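Here is a short briefing on one protein model. Keep the sequence and the 3D view open as you read.

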Amino acid sequence: MDRRHALGAAISGLAGLAATSAARADAAPAAPFTVPQAFIPIAGSTEVFPVRRIYCIGRNYAAHARAMGSDPTREPPFFFQKPSDAVQYVAPGSVVEHAYPTLTKNYHHELELVAALHQGGRDVPVERALDLVYGYAIGLDMTRRDLQRFMGEQKKPWEIGKSFDHAAPIGPIHRVAQVGHFKSGAIRLKVNGELRQDADLKEMIWSVAEQISELSRAFELKPGDIIYSGTPDGVGPVVPGDVMHGEIEGLPSMTVKVV
Ligand code: MN
């Protein structure tokens, strides 16, 4: 191998680092600093789930879509991303402190089921889509609603409303072998004991399988991708001091205190 080829190989090795392969890391050239890999603990295991990308689906429950000003019967699914390092792990049975973010005066909770992928693919048919799922978690798609709306009204990207530090609190990943797939079941969020979101997963407009299939037409999905599957009606503001308690039937609950 001549020098140019050796460098090319070294650079592809570096790009592969995010795959958390120890063998590849050994072969990678030295970097001037380290970048931690985002991960989520796996329930009942000492292993962790490395996060590659965080996808989120918008307006996936009919009542929530109407509340956000769209017609759920006509709108195709749309997706956005949060940065991978936006995950904030929330261990079951603990109260995790979540910092109120900068720039917003209207900070909203969105409780969601999250699917975690261990296989990737392009143009995945709906019938095979669930084969890609490694497991599920409970998660919050935290949203700076005022910024999301302000940017949307100006037809600018509303990334700043969704994709900020710690914007993705999440519980442990539960493997499909342990919990199966989620096609129905209660999803509920209380703030300071008051019920705010109360729905059933079967009310999703696009199922998890359909979401994976649609996403895979726009992006090549890969192991480590996680998908926030949308939130039901009842989103609303939280302020410092508020305690959010989220429940999805079949998973441990999560408790997050805004500080
Ligand atoms: Mn959401």
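The buried residues of helix α5 pack against β7 (107-109), β10 (143-144) and α6 (159-162). Two residues are in contact when their C-beta atoms, placed from the backbone, lie within 7 Å. This is a predicted model: local features need pLDDT of at least 70, side-chain atom pairs count only at pLDDT 80 or more, and totals for chains, interfaces and linings use all residues. Residues are numbered from 1 along each chain as its sequence is written.

**Helix α5**

- Helices (H or I, at least four residues) and strands (E, at least two) are DSSP runs, numbered from the N terminus.
- In α5 (residues 145-153), the buried residues are Arg145, Leu147 and Gln148. They sit on the same side of α5, because they cover an arc of only 165° around the axis. The arc is that of the directions from the helix axis to the C-beta atoms.
- A residue is buried if 20 or more other C-beta atoms lie within 10 Å of its own, exposed if 12 or fewer, and partly exposed in between.
- Lys155 follows α5 and has a positive phi, near 55°.

**The three-stranded sheet**

- An open sheet of 3 strands runs in the order β10-β7-β16, with antiparallel pairing. β10 and β16 (236-238) are at the edges with a single partner strand each, so one side of each has no neighbour in the sheet.
- Strands pair if DSSP finds at least two bridges between them.
- β7 and β10 pair in the antiparallel sense over 2 bridges. Tyr107 has Arg144 in β10 as its bridge partner.

**The five-stranded sheet**

- A second open sheet has 5 strands in the order β6-β18-β17-β13-β14, with mixed pairing. β6 (95-98) and β14 (194-200) are its edges, each with a single partner strand, so one side of each is left without a neighbour in the sheet.
- From one strand to the next, the twist averages 20°. Axes are lines fitted to C-alpha atoms, for helices over the stretch in contact, and angles run from 0 to 180 degrees between N-to-C directions.

**Strand β13 and its partners**

- β13 (residues 186-191) pairs with β17 (residues 243-248) in the antiparallel sense over 5 bridges. Ile187 stands opposite Ile248 in β17. Leu189 stands opposite Gly246 in β17.
- β13 also pairs with β14 in the antiparallel sense, over 6 bridges. Here Leu189 stands opposite Gln197.
- β13 and β14 form a hairpin with 2 residues between them. Asn192 in the turn has a positive phi of about 50°.

**The nonpolar core**

- A nonpolar core is a set of buried Ala, Val, Leu, Ile, Met, Phe, Trp, Tyr and Cys residues joined through C-beta atoms within 7 Å.
- The largest nonpolar core has 56 residues; Val114, Ala115, Ala116 and Ile212 touch the most other members. Strand β8 (residues 111-117) gives the most to this core, with 6 residues.
- Not counting residues up to four places away in sequence, Ile212 touches Val124, Ala129, Leu132, Leu221 and Ile227.
- In soluble globular proteins, nonpolar side chains tend to be buried together.

**Ala65**

- Ala65 lies in helix α3 (residues 62-67). Ala65 counts as buried because it has 20 C-beta neighbours inside 10 Å.
- Ala65 and Pro232 are 167 residues apart along the chain, and their C-alpha atoms are separated by 8.5 Å.
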